[in-house]
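Here is a short tour of a structure, written to be read with the viewer open. Please keep the sequence at hand as well.

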Amino acid sequence: MWGFQNNDFAKLLATSLFCVAIAVTLNASPAHALRAGSWSWPLAGAHTISRGYEAPSVFYNAGHRGIDLVADVGEEVLAPADGVVHFVGTVVDRELISLDHGQFLSTFEPVTSTLTEGDRVTRGQVIGTVTTSTHCTCLHMGARQGKEYLSPLAMLASIPAAVLLPWD
């Protein structure tokens with residue numbers, strides 16, 4: 001039939017269906033939806049991570065629920081994506097700001113801010129400045145989806161494009 005052997009036709013059909021499924025999935029999500037790799041860095045210039053994300057083995061166990069970026073006191077902190085200020089205040093002994101991006105929440109500490117709950121922010125807008133901390137000379141950035149903590153790197157790092165490889 002069309003010069004294909006049965007096995008070649010099955011491979012072509014499977015590949016075509018796979019590509020259609022991916023295209024439908026990508027187009028089904030709204031254009032404004034946040035995806036992995038869609039956040040910009042919260043500090044201008046170089047991005048040095050002094051401590052990475054360490055997921056706890058159980059929700060309430062010890063861990064490091066975010067990343068620490070080397071920062072100077074007084075350095076401006078930028079919104080990683082459009083959102084709404086969710087919280088501004090002190091938690092334990094650190095000033096903190098969190099932003100609601102719809103399906104995700106980002107947090108930054110120690111940060112002092114003049115913004116208030118409900119203020120709208122846009123990607124790249126200054127949301128505050130780094131203050132002193134007993135924890136480190138850094139900016140701690142956290143990310144959550146619902147109650148589930150995740151590594152902010154999943155939102156910051158770009159995912160390489162998929163490449164189709166030959167069957168053989």
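In what sense do strand 7 and strand 9 pair, and over how many bridges?

## About the model

This is a predicted model, in which local features need pLDDT of at least 70 and side-chain atom pairs count only at pLDDT 80 or more, while totals for chains, interfaces and linings use all residues. Residues are numbered from 1 along each chain as its sequence is written, and side-chain values use heavy atoms, with hydrogens and water left out.

Strand 7 and strand 9 pair in the antiparallel sense, over two bridges. Strands here are DSSP runs of E with at least two residues, helices are runs of H or I with at least four, and both are numbered from the N terminus; two strands pair if DSSP finds at least two bridges between them. Val-111 has Val-130 of strand 9 as its bridge partner.

These strands belong to an open sheet of three strands, ordered 3-9-7 with antiparallel pairing. Strand 3 (76-78) and strand 7 are at the edges with a single partner strand each, so one side of each has no neighbour in the sheet.

## Around Ser-106

Let's move to Ser-106, which sits in strand 6 (residues 105-109). Ser-106 counts as buried because its relative accessibility is 0%; buried means under 20% relative accessible area, exposed over 50%, and partly exposed in between (1.4 Å probe, protein chains only).

The side chain of Ser-106 makes a polar contact with the side chain of His-101 at 2.7 Å. Such a contact is a pair of N or O atoms within 3.5 Å; within protein, one must be able to donate a hydrogen and the other to accept it, and residues adjacent in sequence count only if both atoms are side-chain atoms. Beyond its neighbours within four places in sequence, Ser-106 is in contact (heavy atoms within 4.5 Å) with residues including Trp-39, Ile-97 and Gly-142.

## The nonpolar core

Trp-39 and Ile-97 return in the largest nonpolar core, being among the members that touch the most others of its 24 residues. A nonpolar core is a set of buried Ala, Val, Leu, Ile, Met, Phe, Trp, Tyr and Cys residues joined through side-chain atoms within 4.5 Å. Strand 10 gives the most to this core, three residues.

## Two backbone details

The peptide bond from Glu-109 to Pro-110 is cis, with omega near -10 degrees. Pro-110 lies in the loop between strand 6 and strand 7 (111-112).

Val-92, in the loop between strand 4 (83-91) and strand 5, has a positive phi near 60 degrees although it is not glycine. Val-92 counts as exposed because its relative accessibility is 80%.
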